[in-house]
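Here is a short briefing on one protein chain. Please keep the sequence and the model open while reading.

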Amino acid sequence: EVVVNRIAAGEVIQRPANALKELIENSLDAKATNIQIVAKEGGLKLLQIQDNGTGIRKEDMEIVCERFTTSKLQTFEDLQAITTFGFRGEALASISHVSLLTITTKTADEKCAYKASYVDSKLKAPPKSCAGNQGTTILIENLFYNVATRRKALSNPSEEFNKISDVVTKYAIHNSTVGFTLKKHGEVTPQVRTQHNSTKMNNIRILYGNPVFRELLEVELTDDTYKFKMHALITNPNYTNKKMIFLLFINNRLVESSSIRKMLEELYTFYLPKKSYPWCYISLEINPQNVDVNVHPTKHEVKFLHENSVIERMKLALDEKLSGNSG
Ligand code: ADP
Ligand code: MG
């Protein structure tokens with residue numbers, strides 16, 4: 001059974017950046033206003049995320065890493081809504097099957113913090129009390145230590161760090177009211193740093209620089225026919241890059257959509273010279289019931305109902321803004 005779990009875990013968590021994404025979402029769910037991340041060897045040796053959220057109750061510490069354990073389902077409607085992105089209560093369980101996982105946490109009610117380590121979903125020993133502030137610190141050590149093939153496939157720590165940095169950067173823009181820092185282990189200066197209660201625009205300027213910031217156009221769209229909302233910040237044709245930089249959030253989750261990507265490429269071929277690409281941030285809110293639940297969580301690619309029509313309407317709105325700002 002342990003081996004089966006390990007294989008399943010390896011599918012959910014494919015690299016340090018996937019694990020980190022799940023942990024960031026947990027911290028955001030716990031209403032953190034500050035999230036601090038440390039990575040060593042691209043997160044393979046060590047990946048730590050510290051938040052100032054609600055914390056985990058001591059009595060929940062025993063089960064928190066068991067599969068399908070979640071504090072986030074209250075009603076059947078919740079379940080339907082949440083299945084948008086496939087899985088619940090699997091992230092910590094999966095991570096504990098492929099690493100040494102340690103949780104230190106304190107709720108507002110508790111006098112002290114509690115710390116516990118997990119292997120294969122189970123507590124190694126009862127939680128120990130310790131000093132600590134309110135919130136949760138999750139420490140992942142030696143990710144994939146027991147999955148030799150995966151470890152071999154991830155042989156380039158700096159590539160893994162870049163992917164981590166990319167995830168943090170994108171979440172920091174989408175969640176601009178939350179302060180984020182990302183540091184390499186042992187270094188003083190953060191690679192990524194944003195302030196609590198910042199704005200998307202300000203964070204884009206900090207993280208992608210003035211050339212992007214200066215050329216941003218804002219587009220908002222509410223569509224009653226297909227019941228979706230779009231908020232987009234996209235560069236006008238004065239800005240070009242060698243590759244497209246695309247941040248896509250659907251219902252607040254960082255995802256990929258090759259169809260939306262393709263639409264953007266087509267749209268900009270009209271405005272930009274060949275082999276020049278824009279910078280685009282798009283946040284979509286779609287009725288969760290319309291997002292394809294059959295796409296496996298590990299596939300970051302998302303499908304949704306009326307996709308062609310939704311994308312066509314997005315394109316029209318973006319095009320209208322671009323055409324009013326070109327030439
Ligand atoms: P899910 O997020 O789908 O519920 P996870 O495996 O990611 O499943 O987390 C399991 C549970 O652990 C969560 O439901 C939550 O109760 C608790 N938890 C995990 N991370 C945090 C955190 N940073 N702060 C507070 N609670 C957390
Ligand atoms: Mg989670």
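Over the ring of which residue does the charged end of Arg 150 sit? The ring is that of Phe 144, and the charged end of Arg 150 is 5.6 Å from its centre. This is a predicted model. The domain assignment gives domain 1 (2–193) and domain 2 (209–323).

**Domains**

- The centres of domain 1 and domain 2 are separated by 28 Å, taken over C-alpha atoms.
- Both domains contribute to one pocket: the lining of the second largest pocket draws at least three residues from each of domain 1 and domain 2.

**The second largest pocket**

- The second largest pocket holds about 540 Å³ of space.
- Its lining is made up of 21 residues. Closest to the pocket centre are Asp 166, Val 167, Lys 170, Leu 254 and Glu 256.
- Which elements give two or more residues to this lining? They are helix 2 (16–29), helix 6 (157–174) and strand 12.
- By class, the lining has 10 nonpolar, three polar and eight charged residues.

**Aromatic pairs**

- A pair of aromatic rings is described by the distance of the centres and the angle of the planes.
- How many aromatic pairs does a search of the whole structure find? The search finds four.
- One of them joins Tyr 208 and Trp 279. The centres are 5.2 Å apart, with 70° between the planes. Planes over 60 degrees apart count as edge-to-face, and this pair is edge-to-face.
- Tyr 208 lies in helix 7 (residues 200–208), and Trp 279 lies in strand 14 (residues 279–286). The pair therefore ties together parts that are 71 residues apart in sequence.
- Trp 279 counts as buried because its relative accessibility is 0%.
- Phe 249 and Tyr 281 form a tilted pair, because their planes are at 45°. The ring centres are 6.4 Å apart.
- This pair also links distant parts of the chain. Phe 249 is in strand 12 (residues 245–250) and Tyr 281 is in strand 14, 32 residues apart.
- Are Phe 249 and Tyr 281 buried or exposed? Both are buried.
- A cluster takes in Tyr 171 as well: ring pairs link Tyr 171, Phe 249 and Tyr 281.

**Charges over rings**

- Lys 184 lies over the face of Phe 161, at 4.8 Å from the ring centre.

**Positive phi**

- Most residues other than glycine have a negative phi.
- Lys 31 has a positive phi, near 65°, and is not a glycine. Lys 31 lies in the loop between helix 2 and strand 1 (34–40). Its relative accessible area is 64%, so Lys 31 is exposed.
- His 306 also has a positive phi, of about 55°, although it is not a glycine. Where is His 306 placed? His 306 is in the loop between strand 14 and helix 10 (307–323). With a relative accessible area of 40%, His 306 is partly exposed.

**Buried helix residues**

- Ala 17 is found in helix 2. Why is Ala 17 called buried? Buried means under 20% relative accessible area, and Ala 17 is buried because its value is 6%.
- Ala 17 and Thr 194 are 177 residues apart in sequence. In space they are 19 Å apart, C-alpha to C-alpha.
- Asn 203 is found in helix 7. Its relative accessibility is 0%, so Asn 203 counts as buried.
- Asn 203 and Phe 228 are 25 residues apart along the chain, and their C-alpha atoms are separated by 25 Å.
- Met 314 is found in helix 10. Met 314 counts as buried, at 0% relative accessibility.
- Met 314 and Ile 282 are 32 residues apart along the chain. Their C-alpha atoms are separated by 9.9 Å.

Notes:
Residues numbered from 1 in each chain as written. Chains lettered and ligands numbered in written order. Predicted model: local features only at pLDDT ≥ 70, side-chain atom pairs only at ≥ 80, totals over all residues. Heavy atoms only, no water. Phe/Tyr/Trp six-rings, centres within 6.5 Å; stacked < 30°, edge-to-face > 60°. Helix = DSSP H or I, 4+ residues; strand = E, 2+ residues; numbered from the N terminus. Buried < 20%, exposed > 50% of the residue type's maximum accessible area, 1.4 Å probe, protein only. Lys NZ or Arg CZ within 6 Å of the ring centre and 35° of its normal. 1 Å grid on protein atoms, 1.4 Å probe; cavity = no way out; pocket = protein on both sides within 12 Å on 5 of 7 lines; lining within 4 Å. Points joined across faces, edges and corners; volume = space filled by probe spheres on them. Nonpolar A, V, L, I, M, F, W, Y, C, P; charged D, E, K, R; others polar. Domains from an automatic or database assignment.
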